[in-house]
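Open the model in your viewer and keep the selection panel at hand. The stops below say what to select and what is there.

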Amino acid sequence: QFQQVQSMMYDLMEWRSQLLSGTLPKDELKELKQKVTSRIDYGNKILELDLIVRDEDGNILDPDKTSVISLFHAHEEATNKITERIKEEMSKDQPDYASYSRMSSSPTHSLYVFVRNFVCRIGEDAELFMSLYDPQKLTIISENYLVRWGSRGFPKEIDMLNNLKVVFTDLGNKDLSRDKIYLVCQIVRVGRMDLKDSNSRKYTQGLRRPFGVAGN
């Protein structure tokens, strides 16, 4: 059972990477989402967890908005599909090392970042955009992590103090083979057009201006 769940987790991790890539056509994206939900339902079944019923698009049915009869038919249909899937899996004769070889051929890595403090005299609110950057190809290779920093030296969301954490995921062998990868922080000042302007000039407030950049 452990090997079954392990194999399914490897599949889900690989499919998750494809979904996050944003390169799939609409029809393939829908088909892949159905494969993901089907694999999750199958895993819940072999682990003897609750069966989750879904609509055609893979969304979980809301029992408060779905009739009892519709829920019954959905449960019945989902049970039949999972039963057929179990029979198919039992009929297959796959070697145990298949999942290991697949995982070793396309491993994924993650980078954990914990923002403890931001020290920069701006005098106004700021937005910090953190991302991974390839200096040779001059391109950003990850999504941005946004932190809104207040003019008083604290995060705008004060409850996020000492809890500003992000994980850059799905880094593969191609990323690790790059000569250099920088963690870049772009600083955007939010406020007046010019710091010398008075606050009474309302038409120059709330503007976003590039302020600085840092890398490591």
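Buried means under 20% relative accessible area, exposed over 50%, and partly exposed in between, with a 1.4 Å probe and protein chains only. This is a predicted model, so local features need pLDDT of at least 70, side-chain atom pairs count only at pLDDT 80 or more, and totals for chains, interfaces and linings use all residues. Residues are numbered from 1 along each chain as its sequence is written, and side-chain values use heavy atoms, with hydrogens and water left out.

**Stop 1: the ring pair.** Select Phe118 and Trp149. Both are buried. Rings of Phe, Tyr and Trp (its six-membered ring) pair if their centres lie within 6.5 Å; planes under 30 degrees apart are stacked, over 60 edge-to-face, and the rest tilted. The count is 1 aromatic pair. Phe118 and Trp149 form it, edge-to-face, at 5.9 Å centre to centre and 75 degrees between the planes. Phe118 sits in the loop between β1 (109-115) and β2 (125-134), Trp149 in strand β4 (residues 145-149), and the two are 31 residues apart. Strands (E, at least two residues) and helices (H or I, at least four) are DSSP runs, numbered from the N terminus.

**Stop 2: the core.** Select Leu128, Met130, Tyr145, Val147 and Ile187. These have the most contacts inside the largest nonpolar core, which has 17 residues. Such a core is a set of buried Ala, Val, Leu, Ile, Met, Phe, Trp, Tyr and Cys residues joined through side-chain atoms within 4.5 Å. β1, β2, β4, β5 (164-171) and β6 (182-191) each supply at least two residues of this core. Now centre on Leu128. Leaving aside neighbours within four places in sequence, its contacts (heavy atoms within 4.5 Å) include Phe118, Trp149, Cys185 and Ile187.

**Stop 3: the cysteines.** How many disulfides are there? A disulfide is a pair of cysteine sulfur atoms within 2.5 Å, and the count is 0. Select Cys120: the nearest cysteine sulfur, that of Cys185, is 9.3 Å away. Cys120 is partly exposed at 33% relative accessibility. Cys185 is buried, at 15%.

**Stop 4: a charge over a ring.** Select Lys165 and Phe114. Lys165 lies over the face of Phe114, 5.4 Å from the ring centre. The rule asks for NZ of Lys or CZ of Arg within 6 Å of the ring centre and within 35 degrees of the ring normal.

**Stop 5: the helix.** Select α1 (residues 2-21). Its buried residues include Met8, Leu12 and Trp15. Gly22 follows α1, with a positive phi near 70 degrees.
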